[in-house]
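Colleague: Got the model open, and I'd like to go through it with you. Please spell out your terms as we go.

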Amino acid sequence: MHGTDDAFEQEVRDLHRYLTDWLTGKAPKGDGYPNRLAEALANNFVVIHPSGTRGSKTEALRAFGAAHGEKAEDYALEVGKVEIRRLTEGLCLATYEEFHRGEPGRARISTAVLQIGRASCRERV
């Protein structure tokens, strides 16, 4: 794995740790806005849920903002295997396993386009 590939994988893992802390209330609520997530998502971010419905960055931030502290203390968004496919320099397609500890049977495979920014990665779409 190349150094850039490591940075992409680390961003996936770090963001999911932050979301775990946010959802369990371990991350400070501050202004009620999940700032780390807001910084990570590109303005044109689109999520396609397993149901096939789409959501925007604004909708994702609103949903996560409202969900602060709603999960049990033992809940976690765990990332399993991560596969990085470079598209161009600084841009990749990351496919990863996502498990919801504390919610039996809730797991999925997610794919994100990530871009290395000035200081970190950003989820593009």
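Modeller: One term to begin with: a salt bridge is a side-chain nitrogen of Lys or Arg within 4 Å of a carboxyl oxygen of Asp or Glu. This is a predicted model, so local features need pLDDT of at least 70 and side-chain atom pairs count only at pLDDT 80 or more, while totals for chains, interfaces and linings use all residues. Residues are numbered from 1 along each chain as its sequence is written, and side-chain values use heavy atoms, with hydrogens and water left out.

Colleague: OK, how many salt bridges does a search of the whole structure find?

Modeller: The search turns up 10. One of them joins the side chains of R36 and E11, at 2.9 Å from N to O.

Colleague: Where do R36 and E11 sit?

Modeller: R36 is in helix 2 and E11 in helix 1, and the pair links distant parts of the chain, 25 residues apart. Helices are DSSP runs of H or I with at least four residues, strands are runs of E with at least two, and both are numbered from the N terminus.

Colleague: Is E11 buried or exposed?

Modeller: E11 is buried, at 8% relative accessible area. R36 counts as partly exposed, at 23%. The cut-offs are under 20% for buried, over 50% for exposed and partly exposed in between, using a 1.4 Å probe and protein chains only.

Colleague: And what does E103 pair with?

Modeller: E103 forms a salt bridge with K71, with the closest N and O atoms 2.4 Å apart. E103 is in the loop between strand 4 (91-101) and strand 5 (107-116), and K71 is in the loop between helix 3 and strand 3 (76-88), so this pair ties together parts 32 residues apart in sequence. E103 also forms a salt bridge with R106, where the closest N and O atoms are 2.7 Å apart. K71 is partly exposed at 25%, and R106 is partly exposed at 39%.

Colleague: Switching to the core. Which members of the largest one touch the most other members?

Modeller: L15, Y18, L19, L23 and L37, out of 16 residues. The elements giving two or more residues to this core are helix 1 (3-24), helix 2 (35-40) and helix 3 (57-66), and helix 1 has the largest share, five residues. By nonpolar core I mean a set of buried Ala, Val, Leu, Ile, Met, Phe, Trp, Tyr and Cys residues joined through side-chain atoms within 4.5 Å. There's also a second, separate core of 10 residues, including V12, I84, Y96 and L114.

Colleague: Back to helix 3. Which of its residues are buried?

Modeller: K57, A60, L61 and G65. They cover an arc of only 130° around the axis, which puts them on the same side of helix 3; the arc is that of the directions from the helix axis to the C-beta atoms. R62 and A66 are exposed on the other side.

Colleague: What does the side chain of K57 make a polar contact with?

Modeller: The side chain of N43, at 3.2 Å. A polar contact is a pair of N or O atoms within 3.5 Å; within protein, one must be able to donate a hydrogen and the other to accept it, and residues adjacent in sequence count only if both atoms are side-chain atoms. Beyond neighbours within four places in sequence, K57 is in contact (heavy atoms within 4.5 Å) with A38, L41, A42, N43 and F45.

Colleague: New topic: T24. What does its side chain reach?

Modeller: The backbone oxygen of D21, at 3.4 Å. T24 is in helix 1 and counts as buried at 13% relative accessibility. Leaving out neighbours within four places, T24 is in contact with G69, K71, A72, E73 and Y75.

Colleague: Last one, where is F99?

Modeller: In strand 4, partly exposed at 37%. F99 touches A76, L77, E78, G80, R106 and A107, not counting residues up to four places away in sequence.
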